[in-house]
Amino acid sequence: MNNIHILWVDDEIDLLKPHILFLEKKNYKVTTCTSGTEAIEMVDQENYDIVFLDENMPGLTGLETLNEIKEKQSTLPIVMITKSEEEYIMEEAIGNKIADYLIKPVNPNQILLSLKKNLDHSRLVSERTTINYQQEFRKIAMDLAMVNTYQDWISLYQKLIYWEIQLENIEDPAMIEILESQKNEANIQFGKFIDKNYTNWFLPNTDAPILSHQLFKEKVAPILSKEQPTLLVVVDNLRFDQWKAFEPYVTNHYKKKEETSFFSILPTATQYARNAIFSGLMPSDMEKLHPKFWKNDTDEGGKNMHEEDFLQAQLKRLNLTGLKTEYHKITNLKAGKKLADNFNSQKDNDLTVVVYNFVDMLSHSKTEMDVVKELASNDKAYRSLTQSWFKNSPLLEMIQHAQQLGFKLIITTDHGTINVKNPSKVIGDRDTSVNLRYKTGRSLSYEDKDVLVAKDPKTIGLPSINMNSSFIFAKTDLFLAYPNNYNHYVSYYRNTYQHGGVSLEEMIIPFVILDPK
């Protein structure tokens with residue numbers, strides 16, 4: 001038995017008696033009226049699930065009635081029924097967000113189909129999604145048992161994200177729980193994979209993914225030209241699922257040419273990974289070749305103050321100094337608005353680089369502000385918040401201007417972030433770095449199973465701050481906590497978004513090339 005209540009508005013309602021009886025036999029409740037004025041009053045007094053509305057009635061026309069009803073109840077689905085196929089009526093009705101459009105004479109099955117499409121759609125989609133995921137679940141479980149290359153990990157992670165986004169719209173906690181447990185299992189296996197393979201990626205002639213320090217040379221430089229300007233947008237801290245959340249707003253203006261993932265270097269933290277992108281060097285080489293620009297964890301001052309200098313040095317090394325390049329770092333709304341409003345000034349550049357810091361600020365404010373903790377309580381909410389920011393942001397305005405000016409667009413990031421759930425105890429001296437997902441220092445003691453350890457940082461391209469300094473990187477959803485004031489620390493940081501460690505979310509990150517529509 002369904003409880004769906006239909007309002008059917010037609011000045012010749014008596015002729016539709018067979019249709020109404022047909023629907024009532026299918027357990028739909030149908031109320032009728034013969035004029036637009038009457039329909040508007042009835043919508044005021046009663047809750048209907050859907051309205052069938054005749055376009056051609058004496059008095060208020062169907063279109064006028066449609067406008068009045070939509071003003072009162074903008075989400076009420078309205079199906080327009082008309083004798084006329086005149087284009088302006090269709091356009092007007094569609095512009096007013098009708099749910100469906102039927103041409104007279106209608107048969108009962110058309111009506112039934114329209115009801116199914118508009119009212120049962122979400123239920124049918126939910127059921128189909130659940131069935132499809134149940135089938136896919138076994139395949140993902142098998143893939144997890146066999147995955148052993150970085151390409152396999154990229155495709156498995158993208159598959160998990162696809163299903164996470166599909167399942168987020170259905171009310172089936174059991175399915176979401178199953179997916180969560182698959183993601184957790186995937187991160188455990190991924191930690192083992194990185195433990196075993198990461199150091200080898202820095203050896204010559206090894207099959208390795210593109211890493212942060214290779215990204216510009218391998219993926220960006222080959223498509224730069226004087227024939228078409230390029231806008232390179234690096235959104236700090238952007239996970240693959242967050243990119244998927246706002247992708248539809250980008251593809252209104254751009255068509256996707258290539259979407260791939262690359263791996264952030266460890267630590268998956270801005271001063272390491274983003275400086276590596278712009279310098280084209282690993283941190284130990286930055287320290288050696290550009291001691292003026294590189295700062296270690298324990299050094300005073302901002303760690304990302306020299307990205308533009310690093311970029312210029314890399315362009316010089318790649319013989320690309322003939323390209324006109326501008327670099328902008330956006331850390332607040334005012335700076336974003338200013339660049340968006342004056343974006344035309346970029347039209348003569350061959351390469352415009354915009355580093356946009358919003359998502360990073362969002363993850364930090366989730367740690368510090370209760371209101372953001374509420375708004376981004378889980379990955380679904382975190383995606384939604386990112387999407388909401390993006391569609392109202394100066395960054396989207398810049399992308400629209402870039403499209404009008406014929407810019408090629410590249411969207412990428414420096415690393416992702418993970419919602420940390422469980423503490424792992426670590427002890428270090430007072431010179432130990434403060435990040436929650438990695439530590440560097442001397443005489444660190446830690447839980448072996450919880451971390452990836454680099455006793456000789458040089459083997460993975462990292463500087464040693466002191467003799468005998470090592471690095472440790474938290475795996476899965478762990479965060480590193482000191483024993484002193486442990487309980488306060490743990491309750492403060494649990495369920496916050498952090499980066500620096502080893503997880504699919506932090507390391508496998510998007511790189512997208514788009515052409516203007």
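Student: Over how many bridges do β15 and strand β16 (residues 470-474) pair in this structure?
Tutor: This is a predicted model, in which local features need pLDDT of at least 70 and side-chain atom pairs count only at pLDDT 80 or more, while totals for chains, interfaces and linings use all residues. Residues are numbered from 1 along each chain as its sequence is written, and side-chain values use heavy atoms, with hydrogens and water left out. Helices (H or I, at least four residues) and strands (E, at least two) are DSSP runs numbered from the N terminus, and two strands pair if DSSP finds at least two bridges between them. For β15 and β16 the sense is antiparallel, and the number of bridges is four.

Student: Which residue in β16 is the bridge partner of Ala454, and which are the edge strands of the sheet?
Tutor: In β16, the partner of Ala454 is Phe471. The open sheet has three strands in the order β13-β16-β15, with antiparallel pairing. Each edge strand pairs on one side only, and these strands are β13 (438-441) and β15 (451-454).

Student: Which residue in β2 is the bridge partner of Ile6?
Tutor: Strand β1 (residues 5-9) pairs with strand β2 (residues 29-33) in the parallel sense, over five bridges. Within β2, the partner of Ile6 is Val30.

Student: How are α14 and α18 oriented to each other?
Tutor: Helix α14 (residues 333-341) packs with helix α18 (residues 394-404) at about 15 degrees, their axes 8 Å apart; axes are lines fitted to C-alpha atoms over the stretch in contact, and angles run from 0 to 180 degrees between N-to-C directions. Angles under 35 degrees count as roughly parallel, over 145 as roughly antiparallel, 65 to 115 as roughly perpendicular and the rest as oblique. The orientation of α14 and α18 is therefore roughly parallel.
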